[in-house]
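Please look at the sequence and the structure below. The paragraphs that follow take one site at a time.

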Amino acid sequence: MLFMDYIDLHTHTTASDGSLSPGELVSEAARAGLKAVAITDHDTIAGLDEAVEAGQGLELEVVPGVEISIEVGLKGGAHLVGLWVKPGHPGLLDGLERLQEARRQRNPRILAKLNELGLPLSMDEVLAQTGGGQVGRPHFAKALVQKGLADSMGEVFSRWLAAGAKAYVAKERMTPEEGISLVRAAGGVPVLAHPGLLDLDRNGLESLLRKLKSLGLEGLEAYYSEHDEATRRSLISLAARLGLAVSGGSDFHGGSKPQIQLGTGKGDLRVPLTLLTALRQRRERIRGEKDHA
Ligand code: AMP
Ligand code: FE
Ligand code: FE
Ligand code: ZN
C-alpha cells in the first residue's frame, strides 16, 4: 500500500458549536480523502440524519455519534464520545433533551453575569453566532469578539467563561453510568474523549478508566489534536493494558477553532483507518448482547 488511509472520529457541526453544517462537514471530509468521519456534537444528535444522508454515494463511512458531558468529579467535567449511535434512538433523545433543557436555563444566566460585568451583549447577538443548533459558551465568546469587547475567543474564555471564571455557570452533566448505558442502549460504542485534557496524573487516569470500564466503557481517544506524541503513545499502551480499544479524532469545529483542521488537527494528526476494525467488533458485541438480552 503506497498511502495509509485515515479517519476522523471526533467533529462538531452547526448542530452544536461547529461552523459547518453536517452536510458541509461530510463533503469536506470526503474532499480531504478521509475514509470515515464521525459527527460528535455536544449533547445532541440533531445533525446525524443530514450527515448520514450526505454520506450516501461517497467513498467514506459516516459514523453517527455524539459527545456527552459527564460528571467525574473534576473541574469542567469529562466528555464521552459515542460512536455509531442510532440516529433518533428514543432513550438517547430523552436523555440528551434533559441536557439541552439545562443549557436553555443556563444561557440567560451566563448572559446576566456578562451584563453585570459591564459587557453589553444581548441574547439575539449570541444566537446570531449559532447555526440554529444549540447554544454554548463558544457562541457567547464569538459574539463578544465580534462586538470588539475582546480580541479573541481564548481571551473571552480566560477572562470570563472558563470553569471558575467570573461569568462561568456550571452545566448539567450526565453521570458516567447514565452516559455509558445510554450510548450502549442506542447501539453505540462509548469512548472517553481527550483523556489528555483531564487534570489527572497517570494513576488517576488509570483508576478513572478502570471505573468507567466497569460501567461499560469500550475505548479511549488516544489520537487527538492536543495530545503530543508521547501522550498518544502512553495512552495507546494504557488502552492495551486495560483492554480498551483506541479511537481518535481532531475535535474539528471549523472556523470556530481555526487552528484545528479536519483529519489533521494542528497538522500532525493522522488517525489510522485500521482502528475501525476493533471499534466495529465492539459495536457488534454490544448490539449482539442487546438482541439477546
Ligand atoms: P459549553 O458546551 O457551553 O460548556 O462550551 C464548551 C465548549 O467551549 C468546548 O467544547 C469548546 O468547544 C469550547 N471551549 C472551551 N474552552 C475554550 C477555550 N479556552 N477557548 C476556546 N474555546 C473553548
Ligand atoms: Fe466544542
Ligand atoms: Fe470535548
Ligand atoms: Zn469535541
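Predicted model: local features only at pLDDT ≥ 70, side-chain atom pairs only at ≥ 80, totals over all residues.

The iron ion (ligand 3) and the zinc ion (ligand 4) lie 3.3 Å apart, and Glu 67 bridges them. Glu 67 belongs to strand S3 (residues 61-70), while His 79 belongs to strand S4 (residues 78-83). These two residues are 12 residues apart, and the pair links distant parts of the chain.

Now turn to ligand 1, which sits in the largest pocket. What surrounds ligand 1? The residues around it are Asp 17, His 42, Arg 103, Arg 106, Gly 136, Arg 137, Pro 138, Phe 157, Lys 171, His 253 and Lys 257. By type, this shell holds 6 charged, 3 polar and 2 nonpolar residues. Helix H3 (90-116) contributes at least two residues to the shell, and so does helix H5 (137-146).

Some polar contacts can be followed atom by atom. A polar side-chain atom of His 42 is 2.8 Å from an oxygen atom of ligand 1. For Asp 17, an N or O atom of the side chain lies 3.0 Å from an oxygen atom of the ligand. For His 253, the distance from a side-chain N or O atom to an oxygen atom of ligand 1 is 3.2 Å. Taken alone, ligand 1 exposes 500 Å², and the protein buries 75% of that.

Methods. Residues numbered from 1 in each chain as written. Chains lettered and ligands numbered in written order. Heavy atoms only, no water. Near = heavy atom within 4 Å. Polar contact = N/O pair within 3.5 Å; in protein donor to acceptor, adjacent residues only side chain to side chain. Areas by Shrake-Rupley, 256 points an atom, 1.4 Å probe, with all protein chains shown as cover. 1 Å grid on protein atoms, 1.4 Å probe; cavity = no way out; pocket = protein on both sides within 12 Å on 5 of 7 lines; lining within 4 Å. Sits in = over half its atoms within 2 Å of the grid points. Helix = DSSP H or I, 4+ residues; strand = E, 2+ residues; numbered from the N terminus. Nonpolar A, V, L, I, M, F, W, Y, C, P; charged D, E, K, R; others polar. Donors = N, O, S within 2.8 Å, 3.2 Å for Na, K, Ca; no water.
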